[in-house]
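Visitor: I would like to learn how to read the features of a protein model one at a time, with the general idea before each case.

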Amino acid sequence: MRRSLTVAVAAALLAVPAPAALADPAPAVPAEPAPAVPADPAPSPPAVRDFGNGPERNDVAAGVPEQAAAARVAAPEAQSYGHSRDRGYPRRTRLPLPPENPADASIKLGLVPYHGIAPRLNDLQRRSDRVSVEIIGRSYQGRDLYLVTVTEPESPARAREQARIRERIENDPAAAARDRGLAARYKAPIFVNANIHGNEWEGTDAALRTIEQLATSTDPAVAGLLARTRLYFNVTANPDGRVNGVRQNGAGFDLNRDFVTASQPEARAMRQAIIDTQPVTLLDLHGYVNGTLIEPTTPPHGANYEYDLFITNTYANGLRMEAAVNGLGYTPDKDGVEPAQIPFRDSEEGWDDWPPIFTPQYAPFHGTVAAHTVEIPLEVNEPAYSEEPVEELRRRAAINTDVAAAAVRAAYGFVRDRHDRLIADQIEVFRRGAAGEPARTVPLGIVPGFGPEDVYTTTFPRAYVIPAGPGQRSATAAARLVDHLIANDVRVERARSAFRSGGRTYPAGSYVVDLRQPKRGLANVMLEPGADISPRVSAMYDISGWSHALLWGATVEPVQSLRAHTEPVPAAAPTGSVPRTPGPLALRVDDAKEVRALNDLLAQGVAVTWDGGRAIVPARDRQAARTVADRYGVAFTPAGTVTGAVTGAVTGTPLAPVRVAAAASADELFTLRELGFPVTPVSTAVLNAGFDWSATDVLYVSSGLSHAALNPAARAALDAFLAGGGVVTRGRTGAAFNAAAGLLTATTVAGNPDGNGVVRVVSGGATGGGSPAHSFVYSPLWFTGLGPEVTVEQAYAADGPLVAGHWRPRADGSGGGQDAARGQAAVVSGRDERGAAVVLFGTEPMFRNHPKGLLAQVARALYWSSSIAGAAVTTP
Ligand SMILES: [Zn+2]
């Protein structure tokens, strides 16, 4: 589920529950039922959130199996799959059969295990010419992802015509809008996304049932439907989670938070499938909220949608699905099934569509004009999964499957009945973007209940420029952002010659994102700073701030006029380089790619030294530098003045591969490994079992490690490591570890744990220097009462840190709002008296692998603490 409106526990929303095998228990998700739809129209009270009682976001240790995960991060991406434009339908694929897995968590519920899906789809493809299956990617753990298309057979010529129409809708929407025959020729695409949360199973079973019914029906109405639509089913978006009985994929990521980041292969596959199919309607099937929760959502509403079109269609389909679900006849008394609820209509706030990180909040940027999360009613996952009798679980799962199938049935009936209008509205979304029309203010009452509290709007700049050359802090970061935009089907151009805008000159080669483009909403939602929405709503469902412009390390400038000779680019230009001048080479470590390059050099045994944020490579290793420059797109410069005056020897501290023992959340483990650090997961239990510290340079602590819970032997071993070891911590657990272990003198102050977003920071010091001017916080911390050994690496801006997000003082009057953080130390470093080199983060630089521009700050902390600590223990 996303969450029940009345269930207000951070763990349920954001934390990464650990698999049962881990020592640290997963946070319980409260099983309180959501309220029934009120009989009268009185507004329900605002959702109350209490993060204080739950663990902080990342306090639950990652449950990534050590060796397997390390191998997989290093493994190349699963092969690239394409949704073919040129083949007709059916597109029969004989799916490889996964080995039977009797431990598949679906089996207990009487649902289809992952290994049972391929045989059923193979069988259906044999029995029907309406069913096509394509493998569109692989999960983190290597399971195939199945996209099923259900439609009447199409010749290759007909399929090509459909592709041409689809492309015309996106690329020439004004002409498409004038073409009165277009809708009659076009099969409206419907997308059903099932099981994105692995332990919300029944969407998959409902999808399989629906596919079979449509495939085998002799009803002429079904034939009529399949002549005018294509139905796409992502049968299980998260097979790892389905098998393992957990919400996350095999890497521990919540895929329904990954759409603007696309760190996971499943999210990239969904992104491509949505781009390729361009659905007018999308359902994302979840559980469990009783009664069934059907979007549209409460405010705040994302400001980059064409919301007038979106709410009209989404609410209409929501009502259709509600009627279908209630029409099944399940009752509270007999079945324990409450009537369906629609947050937009039935709740004040707390279930919003503000961040574009969820499937139905991402798809509208690709033309979906009715998009819904649907939460089926009866809980079968934790704790019910382990506590309820099997028969009861199966009763619930059967009802849930019925409910999900009813929602799908209602949705395709809706598309059948509103076929031409949905297509016209999709065209209109793209037309407004391509024409560069101003954002519209949605009229009050456009649907019943649409009031001033629902009105959110934005102002589009004319374009965004990502400058080349001077003014660009990292060409590598710029290339990453450009490639990310292109992967999201945002058009990027490159200036052939210098141009002026807003009083400054941009050099040739600068990238331009012209907002006169069909998917300008997606471009803007990634590149605008965002907004501080603290004043407008009291409760948010998930993050409230993000910004690829401010957090991904590239310079991005909005401009209000655009006169430039540009050409479209299919990918960013190469950025790697090594200077011709002889002598040692320097690599600034300001970006994640530079970290990867450095770790690659270290792994090769190159004698790199660390010189205050720069890695220095000896002249003799020029060839190795050239290789990593090509591989990671990084630019070396002459090391120049750091060479010693007489000998020519390079200064700096010798650096070796930094071996990290990490008590960290899954996203952090993933990120540290992606950066190329050798990482060993640890926890209280691992240390208590007897941990060999000899292969560890730096201990990273953010979750799953309690100093107080260590046994005497573990504590003694830790103390021996700390005498000259490196420590990097994040968050409350990390700060508590610092205090308990007696490391740096600092008092940790916790801001409102609900606060999150993009913040302005001022940086300096050994690890903060080179950081972007913005950082990200979730449950922000700061540090006061600093001892003389402590240096401030980064501070929250004194004139108010929050740029975009939601950060109020705590509701109980105890402060902790954004004003309290003004000028406070967000990241500090120092050496304790034993020689431990320590960095404490109060920010969230690795949050969900999203803020790419902040990752190098963590790496610099690791290099610094490792190199300083190493120097301390060197015998003269
Ligand atoms: Zn869910």
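The dialogue below goes from the whole chain to single residues.

Visitor: What should I know about the model before reading any value?

Guide: This is a predicted model, in which local features need pLDDT of at least 70 and side-chain atom pairs count only at pLDDT 80 or more, while totals for chains, interfaces and linings use all residues. Residues are numbered from 1 along each chain as its sequence is written, and side-chain values use heavy atoms, with hydrogens and water left out.

Visitor: How many helices and strands does the protein have, and what percentage of its residues count as buried?

Guide: Helices (H or I, at least four residues) and strands (E, at least two) are DSSP runs, numbered from the N terminus, and here they come to 28 helices and 33 strands. Buried means under 20% relative accessible area, exposed over 50%, and partly exposed in between, with a 1.4 Å probe and protein chains only; by that reading, 62% of the 876 residues count as buried. A contact means heavy atoms within 4.5 Å, and among the contacts with a separation of 6 or more, 79% come from residues 24 or more positions apart.

Visitor: How do I read a sheet, and what is the order of the strands in the open sheet of five?

Guide: Strands of a sheet pair through backbone hydrogen bonds, either parallel or antiparallel. Two strands are taken as paired if DSSP finds at least two bridges between them, and in this open sheet the order is S15-S10-S14-S11-S16, with antiparallel pairing. Strand S15 (557–559) and strand S16 (566–568) stand at the edges with a single partner strand each, so one side of each has no neighbour in the sheet. From one strand to the next, the twist averages 35°. S16 runs antiparallel to strand S11 (residues 493–495), to which three bridges join it, and Glu-567 in S16 is the bridge partner of Arg-494.

Visitor: Which helix packs on that sheet, and which strands does it touch?

Guide: Helix H18 (residues 475–487) does, touching strand S10 (463–466) and strand S14 (511–514), and its direction makes about 140° with that of S10; such axes are lines fitted to C-alpha atoms, for helices over the stretch in contact, and the angles run from 0 to 180 degrees between N-to-C directions. The expected span of a helix is 1.5 Å times one less than its number of residues, and H18, with 13 residues, reaches 18 Å from its first C-alpha to its last, close to the 18 Å expected. The buried residues of H18 include Leu-481, Val-482 and Leu-485.

Visitor: How are aromatic pairs classified, and how many does a search of the whole structure find?

Guide: Rings of Phe, Tyr and Trp (its six-membered ring) pair if their centres lie within 6.5 Å, and planes under 30 degrees apart count as stacked, over 60 as edge-to-face and the rest as tilted. The search finds 26 such pairs. The rings of Tyr-315 and Phe-344 have centres 5.2 Å apart and planes at 70°, so this pair is edge-to-face. Tyr-315 lies in helix H11 (residues 307–326) and Phe-344 in helix H13 (residues 343–346), so the pair ties together parts that are 29 residues apart in sequence. Tyr-315 is buried at 8% relative accessible area, and Phe-344 is buried at 7%. By contrast, the rings of Trp-610 and Tyr-863, with centres 5.0 Å apart and planes at 45°, form a tilted pair. Trp-610 belongs to strand S18 (residues 609–611) and Tyr-863 to helix H28 (residues 855–873), so that pair ties together parts 253 residues apart in sequence.

Visitor: Where do backbone angles deserve a second look?

Guide: Most residues other than glycine have a negative phi, and most peptide bonds are trans. Here the peptide bond from Tyr-89 to Pro-90 is cis, with omega near 5°, and another cis bond joins Gly-287 and Tyr-288, with omega about 0°. Asn-195 has a positive phi, near 70°, and lies in the loop between strand S3 (188–194) and helix H7 (202–216).

Visitor: What does Asn-238 touch, and is its side chain buried or exposed?

Guide: Asn-238 counts as buried, at 0% relative accessibility, and lies in the loop between strand S4 (229–234) and helix H9 (239–244). Not counting residues up to four places away in sequence, Asn-238 touches several residues, among them Asn-195, His-197 and Leu-255. A polar contact is a pair of N or O atoms within 3.5 Å; within protein, one must be able to donate a hydrogen and the other to accept it, and residues adjacent in sequence count only if both atoms are side-chain atoms. The side chain of Asn-238 reaches the backbone oxygen of Arg-247 at 3.0 Å.
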